[in-house]
Amino acid sequence: MVRIIDPKYYDDDIAKMLKAIDEMKHLGVHFIVGGRLEQKVPSGTMPKFITGEEELLSSPLPKDLREIFTLLGKDAFRVDLSSSEIRATFER
């Protein structure tokens, strides 16, 4: 979602970004967004879970365009399981 609402992917043109997202809305596109742990954290600190709500609310999107994004909170989506742990389960 962060890339979809970032003007840099639309030639740094907010109007182009808004037009593209508006077209997606009119085509019936809807995004379900699962959060994740922040990727870059200072050494010795715990990463926080990012739902995307802060990024969406601080974006230039009007409310009607924000509605094409459904944000899943950590209780609905978060599973702290690495791909290595998943593979290990199948190797047993």
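Visitor: What share of the contacts in the protein chain with a separation of 6 or more comes from residues 24 or more positions apart?

Guide: A contact means heavy atoms within 4.5 Å. In the protein chain, residues 24 or more positions apart account for 54% of the contacts with a separation of 6 or more. This is a predicted model, in which local features need pLDDT of at least 70 and side-chain atom pairs count only at pLDDT 80 or more, while totals for chains, interfaces and linings use all residues. Residues are numbered from 1 along each chain as its sequence is written, and side-chain values use heavy atoms, with hydrogens and water left out.

Visitor: Which elements does the protein chain have, and how do they run from the N terminus?

Guide: Helices (H or I, at least four residues) and strands (E, at least two) are DSSP runs, numbered from the N terminus. The protein chain has five helices and four strands, in the order α-β-β-β-α-α-β-α-α from the N terminus on. Its radius of gyration (over C-alpha atoms) is 17 Å, well over the 12 Å of the globule rule (2.2 Å times the number of residues to the power 0.38) for 92 residues, so the chain is more spread out than a compact globule. Along the principal axes, the C-alpha atoms fill a box of roughly 50 × 30 × 25 Å.

Visitor: How many aromatic pairs does the structure hold?

Guide: A pair of aromatic rings is described by the distance of the centres and the angle of the planes. Rings of Phe, Tyr and Trp (its six-membered ring) pair if their centres lie within 6.5 Å; planes under 30 degrees apart count as stacked, over 60 as edge-to-face and the rest as tilted. The structure holds one such pair. Phenylalanine 31 and phenylalanine 69 are stacked, at 5.3 Å centre to centre and 15° between the planes. Phenylalanine 31 lies in strand E1 (residues 31-34) and phenylalanine 69 in strand E4 (residues 69-72), so the pair ties together parts 38 residues apart in sequence.

Visitor: Where is the place of glutamate 53?

Guide: Glutamate 53 is in helix H2 (residues 53-57) and is partly exposed, at 46% relative accessibility. Glutamate 53 and leucine 72 are 19 residues apart in sequence and 9.5 Å apart in space, C-alpha to C-alpha.

Definitions and conventions:
Buried means under 20% relative accessible area, exposed over 50%, partly exposed in between (1.4 Å probe, protein chains only).
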